[in-house]
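Colleague: I have the coordinates open. Walk me through them, please.

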Amino acid sequence: MLFCKMSGLAQSGRRMRFIAVAVILCAGYFGPTAFAHPRGEWTRLILTQHWPQTFCSVEKCTTNLSFWTLHGLWPNTGMRCNTSWHFNASLIEDLIPEMKQYWPDLIAPSSPQFWKYEWTKHGTCAAKAESLNSQHKYFSKALELYRKFNLTNVLKNNRIVPSEQHYTLDEVETAITSFYNVKTKIQCIHPGKGGQVQILGQIEICVDTDFQLIDCEKSTEEIWSNDIPAVAVSGQSELSVCDHSMPVYYPPAPSRS
């Protein structure tokens with residue numbers, strides 16, 4: 001359900017263990033090789049950010065990043081809405097420096113495959129709206145929202161910082177909602193059997209079609225494109241909504257020697 005990236009066949013096997021990506025063929029026709037979501041256009045976008053240290057603790061990568069990075073900008077309906085609309089990095093050349101910094105592929109930092117994957121899976125569906133109907137519009141809007149909402153600083157300004165100490169989920173939620181005034185979706189890696197601490201991993205912030213903040217609520221009838229049942233990975237589970245009854249660990253970046 002999360003941290004979904006694709007950096008070539010060799011890496012995709014590793015990612016599949018963690019992401020458990022499900023390919024859902026949506027009904028309807030939207031181009032020569034595409035599938036469209038049966039419910040039509042999206043009504044909500046999910047700005048998804050993940051914590052690099054948590055991601056790399058699972059994927060066995062290495063990073064010194066100490067700020068939240070973009071995972072994606074996901075419409076609440078649709079997946080791979082036009083697979084004939086291929087990603088073209090030359091169309092977003094002016095955005096690349098900022099994307100490398102704030103939307104990096106943590107496993108393959110020099111590869112554009114993560115962005116290609118996000119465009120194919122989510123961007124082609126977001127592009128049903130005129131405001132996002134080009135690759136440049138899609139990626140630049142994601143960066144704009146990332147800067148605007150500045151999750152790293154929101155947490156820091158409310159004294160939620162990466163630390164060996166643990167927080168309650170209430171403390172994390174209060175820090176976020178006191179600034180945004182909406183409900184976000186906070187996700188953790190849950191411990192294996194006998195574990196007592198969950199690890200903060202991903203936070204979703206939702207906006208409407210005018211890019212205004214709204215609650216991230218999930219009904220039984222709504223399919224969120226990366227909401228896939230969790231499976232066990234190395235004694236831990238996939239990301240899922242954090243548990244109020246369990247302490248939250250917000251892992252710091254490793255010390256630089």
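Modeller: Terms first. Helices (H or I, at least four residues) and strands (E, at least two) are DSSP runs, numbered from the N terminus. Two strands pair if DSSP finds at least two bridges between them.

Colleague: What about the source?

Modeller: This is a predicted model: local features need pLDDT of at least 70, side-chain atom pairs count only at pLDDT 80 or more, and totals for chains, interfaces and linings use all residues. Residues are numbered from 1 along each chain as its sequence is written, and side-chain values use heavy atoms, with hydrogens and water left out.

Colleague: How many helices and strands are in the chain?

Modeller: The chain has 7 helices and 8 strands.

Colleague: And what share of the residues is buried?

Modeller: Of the 257 residues, 52% are buried. Buried means under 20% relative accessible area, exposed over 50%, partly exposed in between (1.4 Å probe, protein chains only).

Colleague: What about contacts in the chain?

Modeller: Take those with a separation of 6 or more: 75% of them link residues 24 or more positions apart. Contact means heavy atoms within 4.5 Å.

Colleague: Strand 4 next. Where does Cys188 pair?

Modeller: Cys188 stands opposite Leu200 in strand 5. In strand 7, Ser240 is the bridge partner of Cys188.

Colleague: Parallel or antiparallel?

Modeller: Strand 4 runs antiparallel to strand 5 (residues 198-207), over 5 bridges. With strand 7 (residues 239-241), strand 4 pairs in the antiparallel sense over 3 bridges.

Colleague: Which way do the side chains of strand 4 point?

Modeller: Lys185, Gln187 and Ile189 point one way, Ile186 and Cys188 the other, and all are buried. In a regular strand the side chains alternate between the two faces of the sheet. Strand 4 (residues 185-189) is mostly covered, with 5 of its 5 residues buried.

Colleague: And strand 2, how many of its residues are buried?

Modeller: For strand 2 the count is 7 of the 7 residues, so the rest of the structure largely encloses it. Strand 2 pairs with strand 1 in the antiparallel sense over 6 bridges. His50 has Thr69 in strand 2 as its bridge partner.

Colleague: Switching to helix 4. What is its span?

Modeller: Helix 4 (residues 113-126) has 14 residues and should span 20 Å at 1.5 Å a residue; its end C-alpha atoms are 19 Å apart, which agrees. The expected span is 1.5 Å times one less than the number of residues.

Colleague: Where does helix 4 bend?

Modeller: At Trp119, by about 45 degrees. That bend is the angle between axes fitted to the seven residues ending there and the seven starting there.

Colleague: Why call helix 4 largely enclosed?

Modeller: Because 11 of its 14 residues are buried. Among them are Trp115, Trp119 and His122. Their cover includes strand 1 (45-50), strand 2 (69-75), helix 3 (96-102) and helix 5 (135-149).

Colleague: What does the side chain of Ser111 reach?

Modeller: A polar atom of the Ser111 side chain lies 3.1 Å from the backbone nitrogen of Gln113. Ser111 sits in the loop between helix 3 and helix 4. Ser111 is buried, because its relative accessible area is 16%.

Colleague: Last one. Where is Glu171?

Modeller: Glu171 is in helix 7 (residues 169-180). Glu171 is partly exposed, at 41% relative accessible area. A polar atom of its side chain lies 2.9 Å from the backbone nitrogen of Thr168.

Terms used
A polar contact is a pair of N or O atoms within 3.5 Å; within protein, one must be able to donate a hydrogen and the other to accept it, and residues adjacent in sequence count only if both atoms are side-chain atoms.
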